[in-house]
Amino acid sequence: MRAKCICVMVIFHLFVLGFFPAEGIAHQGNTKGPQNVILMIGDGMGIGQIEIARKLEYGKDGRLFLESLPHTALVHTESANNFVTDSAAGGTALAIGKKTNNEMIGVTPDGKEADSILDLFKKNGKKAGVISTNTVTDATPAAFTASVSNRWSGQEEIARQQLNNEVDVLMGGGRAYFSQEKQSGNDLIKDARLKGYDYARNRVEMQNSKGEKLLGLFNKGYMNYKLDRPLKNSKEPSLKEMTEKAISVLSKGKQGFFLMAEGARIDHASHAGDITSIWKETIEFDEAVKYAVEWAKKDKKTLVLVVADHETMGISASEPLNIQQLKEIKATPQYMVSQFKRDEIRGTYRSESVKDVLKKYANIDLTEQEIDAFNGKLINTDSQVYPQYLAAWEIGSLIAEKYHGGILTNKVRSLSSTGGHTGNMIPLFAYGNGSETFSGVMENTDIPKRIARLMNYTWD
């Protein structure tokens, strides 16, 4: 009898310490489930992006706020048809708890639509919202709010589904996809107002909104990088401000809420090898995480999860990284390229403009040979995706090389169907009700499954 008691006690302690896998174990009996869930996704944010932000913002002895969360895990991100996921399949796994193929949104590999964790919250009488510094119709926000077979051809349909599903808060970029031009003459913003949404075009209008539903579209396309906002006289809200507003609106519901908040431009900066913007965008994301967690501490009924959909470009805090020079860069590669002057006859950029812009914004003196090599890469490219960003990506890689940033080579990026995503595991951080169930090494599909289990929700 004594041996049996000892055995039971050992098993219990092993379970508490996380040595047994969580799948198949009913956590609800051990944990008081949350009323609200805030899922914060740093798109493309791996350990390297976190380290870059930490080193540039605080130095080697500092910490990001998200590192203070009490429970952590590592997450595998493979898609159904590739060992490296794109954002569509990565977001879908986090939304529906099932793997799908790259480029698919909210559907299984056979094309069948699937409810997301957001849908389950809505079906159980709770409010729900998604916010992003991306377009609201792009991969991650779309995965929680719509179902289409292809992310590239379906953004107009995604916008329609988002309003038909009456997502209570929808904020980010992507105004173009709600326009009459993209919607065959129909004005989706007007339709949203008829459905009871307040509509905000900028930070001030968002903050002044008093309604119970809010549509905020702050840019035709992606929202601006943090680094470029002063240069563009941007009137967009920060991710923290959007998070604060979204929680304010959603928390008015008596039954609770689900919020997905995405720091999307961490990924875009990583694609470009833009170390400076990786720093800036990750810090802005971390500030939003801090607001959400501090709100949850006061609320005492909320689970906050911080995770990524995948890692981008194998970013690392390399030893010779020139931190001081990177901190002094004044614009993103995308903005710099917008200032280049084209040589229309040759189909390249004029050498003197490339030289002047790089000196002005990045304090780099390019040689004629380096400028010729840059222009040559634009003509002789193997790039598989995002041709409109190729010049900015090449400039970002050039700057990263000059200042010794740890990134994948532009050759590897050009051969990648995802534009430079990796299969690296990504970290998860958790705080609040049920957070202790998120530990160990997990699949990305485990995350919504464990949320559903904590809520006592089941998928059909």
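Let's start inside the fold, at Asn 134, which sits in strand β3 (residues 127-135). Please keep in mind as you look around that this is a predicted model.

**A covered asparagine**

Is Asn 134 buried or exposed? With a relative accessible area of 3%, Asn 134 is buried, because buried means under 20% relative accessible area. Which residues does Asn 134 touch, once neighbours within four places in sequence are set aside? Its contacts are Gly 172, Gly 173, Tyr 222, Glu 262, Ala 264 and His 268.

Most residues other than glycine have a negative phi. Asn 233 has a positive phi, near 50°, and Asn 456 has a positive phi too, of about 60°. Where does Asn 233 lie? Asn 233 belongs to the loop between β6 (214-217) and α9 (239-250). Asn 456, in turn, is placed in the segment after α18 (446-455).

Both can be set side by side with their accessibility:

| Residue | Phi | Relative accessibility |
|---|---|---|
| Asn 233 | near 50° | 57%, exposed |
| Asn 456 | about 60° | 56%, exposed |

Asn 233 counts as exposed because its relative accessible area is 57%, and the cut-off for exposed is over 50%. Asn 456 is exposed as well, at 56% relative accessibility.

How many residues of α18 are buried? The helix is mostly covered, with 8 of its 10 residues buried. They are Asp 446, Ile 447, Pro 448, Arg 450, Ile 451, Ala 452, Leu 454 and Met 455. Just after α18 comes Asn 456 with its positive phi of about 60°, and this asparagine is exposed.

**A negative patch on the surface**

Our last stop is on the surface. Which residues gather in a patch of negative charge there? The patch brings together Glu 352, Asp 356, Glu 368 and Asp 372. Two helices, α14 (351-362) and α15 (368-379), each supply at least two residues of this negative patch. An α-helix has 3.6 residues a turn, so residues three or four places apart point the same way.

Glu 352, one of the patch residues, is found in helix α14. Glu 352 counts as partly exposed because its relative accessibility is 48%, which falls between the limits of under 20% for buried and over 50% for exposed.

Conventions. Residues are numbered from 1 along each chain as its sequence is written. This is a predicted model: local features need pLDDT of at least 70, side-chain atom pairs count only at pLDDT 80 or more; totals for chains, interfaces and linings use all residues. Side-chain values use heavy atoms; hydrogens and water are left out. Patches are made of residues with over 30% relative accessible area and no salt bridge: like charges are joined within 9 Å, nonpolar side chains (Val, Leu, Ile, Met, Phe, Trp, Tyr) within 5 Å. Accessible areas come from the Shrake-Rupley method with a 1.4 Å probe; for residues, only the protein chains shown count as cover. A salt bridge is a side-chain nitrogen of Lys or Arg within 4 Å of a carboxyl oxygen of Asp or Glu. Lys and Arg count as positive and Asp and Glu as negative; His and the chain ends are not counted. The place of a charge is taken as NZ of Lys, CZ of Arg, CG of Asp or CD of Glu. Helices (H or I, at least four residues) and strands (E, at least two) are DSSP runs, numbered from the N terminus. Buried means under 20% relative accessible area, exposed over 50%, partly exposed in between (1.4 Å probe, protein chains only). Contact means heavy atoms within 4.5 Å.
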